[in-house]
Amino acid sequence: MAEENISQNWGRSLDGSDRRKDQRYKMKKKINKQMEEVKMDWKELYESRTCTAEEAVQKIKSHDRVVLAHSVSEPYELVDAMVANAENYENVTVSQMVSLGKGEYTKAKYKGNFRYEGWFTSACTRECLAEGHGQFVPVYFHDVPRYIRTGIFPVDVAMVTLSTPDRNGFCSIGASCDFTWQAIKSAKVVLAEINDQAPVIYGETFVHVSEVDAFVETSRPLPELKLPEICEVEKAIGKNCASLIEDGATLQLGIGAIPDAVLSQLKDKKHLGIHSEMISDGVVDLYEAGVIDNSQKSIDKGKITVTFLMGTKKLYDFADRNPALEMKPVDYVNDPVVISQCSKMVCINSCLQVDFLGQVVSDTIGTRQFSGVGGQVDFVRGAAMSLDEQGKAIIAMPSIVKKKDGSMMSKIVPFIEKGAVVTTNRHDVDYIVTEYGIARMKGQTMQDRARALIGIAHPEFREELKEEFEKRFNTTF
């Protein structure tokens, strides 16, 4: 569409290119003219396309693929209306990554109406995979926009949440840029909830009203995640991880007790930077304390760089109209080549299980699909490729996990569970951290890896693991 080209060209001109000055001048002059044409009567256009959620979902047709905005930007009223209109659909594919919604479209009673095809799974979407009427697609997070652009993931309808239009008719895609931005650009039809409580985030986040086919006005707080309780185990893990982080490092962290525990141990560090697919409330605290200032980042200097947000209102308020934070598509933020350019890159991710060889299982429990690869491998490989050769990739986890029957199981095992899938392979793995210490994998033999891992396993399981070591490697521990 013409508007798509305008928006993309405008974004490139704002980023600044290495074209000659006369080329930039001519392009800017042309874009300004186009932008003036687009801005004409945008309010009239917006009003003419504003409708109810029930009316908007009439634009969905049988056999369409509907892509839902990621995480807290899922448009819940539109999704509810789509489900309520299920009897009028046949075989509508619904694709998304993390969902914090109800996931009604994945229920067995709708299997003739909706077909779930997820790129990640959440609590509300896992069951349909186990029941056999939903599907999971393995994909690296940074590849999703490219798959959308090239038609591997065709998008008939994108359903998103946007902020209220500004005076020029531009809306922010709020807390979710990642693949959502590309889905809007590539979709045949775009349905948007205009939420007056959605934050306005700077970066590659703006969509003109002319790019949207239907607007549904809403007013609701963004979903918030309860802050995790940090126990002594997480504190010890956080301390071990923090020992690997130097002043001036660029960090990637996820969300949960372990990332928050790591952040709580960094108060004496200086000039930290953030280049991360997402951030938590702990980043806000360190930024306000001056620990995170992004002053020594080698790219996007002075900016916290993310691709989506998921936390509490404190985080959303911090990000709203904050020039210190920029949100960009995931094919930039999570691209291993881009990550490799980050100075002193340290990425911290978690997992479910690690075997003696250092094979990391993060997204499956046996044959059950539990989540997805997310950005773990993107950052592990990006850190390994670091141009300054100072990148570190940390997999952090408690040493044990409680099973359904209440008994405890070691997360360090001789062999991964039957049916489980390796997320980060033994060639990519770097540091494994538990509450009992740090095990470096790179450059180590298989036996030395196993010895190091047993050394940071829970003490109650070490003797048993040593016996398994001797059986597997036919040598004494």
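In this predicted model, Trp119 and Phe179 are both buried. Phe153 is buried as well, like Trp119. These residues take part in ring pairs, and the structure holds 10 aromatic pairs in total.

Consider how two rings are compared. A pair of aromatic rings is described by the distance of the centres and the angle of the planes. Trp119 and Phe153 are stacked, with 4.6 Å from centre to centre and 10 degrees between the planes. An angle under 30 degrees counts as stacked, so this pair falls in that class. Trp119 sits in the loop between strand E3 (114-118) and helix H6 (126-131), while Phe153 sits in the loop between helix H7 (144-150) and strand E5 (157-162); the pair therefore ties together parts that are 34 residues apart in sequence.

Trp119 also pairs with Phe179, but here the arrangement is edge-to-face: the centres are 5.3 Å apart and the planes are at 80 degrees. Phe179 belongs to the loop between strand E6 (170-172) and helix H8 (180-186), and Trp119 to the loop between E3 and H6, so this pair ties together parts that are 60 residues apart in sequence.

Lys328 lies over the face of Tyr332, at 4.6 Å from the ring centre. The charged end of Arg462 is placed over the ring of Tyr436, 5.3 Å from its centre.

The next element is helix H15, residues 376-384. Why is helix H15 described as largely enclosed by the rest of the structure? The reason is that 7 of its 9 residues are buried. Those buried residues are Gln376, Val377, Asp378, Phe379, Val380, Gly382 and Ala383.

Strands of a sheet pair through backbone hydrogen bonds, either parallel or antiparallel. Strand E15 (residues 353-355) and E22 run parallel and are joined by 2 bridges. Within E22, Val413 stands opposite Asp355.

Terms used. Residues are numbered from 1 along each chain as its sequence is written. This is a predicted model: local features need pLDDT of at least 70, side-chain atom pairs count only at pLDDT 80 or more; totals for chains, interfaces and linings use all residues. Side-chain values use heavy atoms; hydrogens and water are left out. Buried means under 20% relative accessible area, exposed over 50%, partly exposed in between (1.4 Å probe, protein chains only). Helices (H or I, at least four residues) and strands (E, at least two) are DSSP runs, numbered from the N terminus. Two strands pair if DSSP finds at least two bridges between them. Rings of Phe, Tyr and Trp (its six-membered ring) pair if their centres lie within 6.5 Å; planes under 30 degrees apart count as stacked, over 60 as edge-to-face and the rest as tilted. A charge sits over a ring if NZ of Lys or CZ of Arg is within 6 Å of the ring centre and within 35 degrees of the ring normal.
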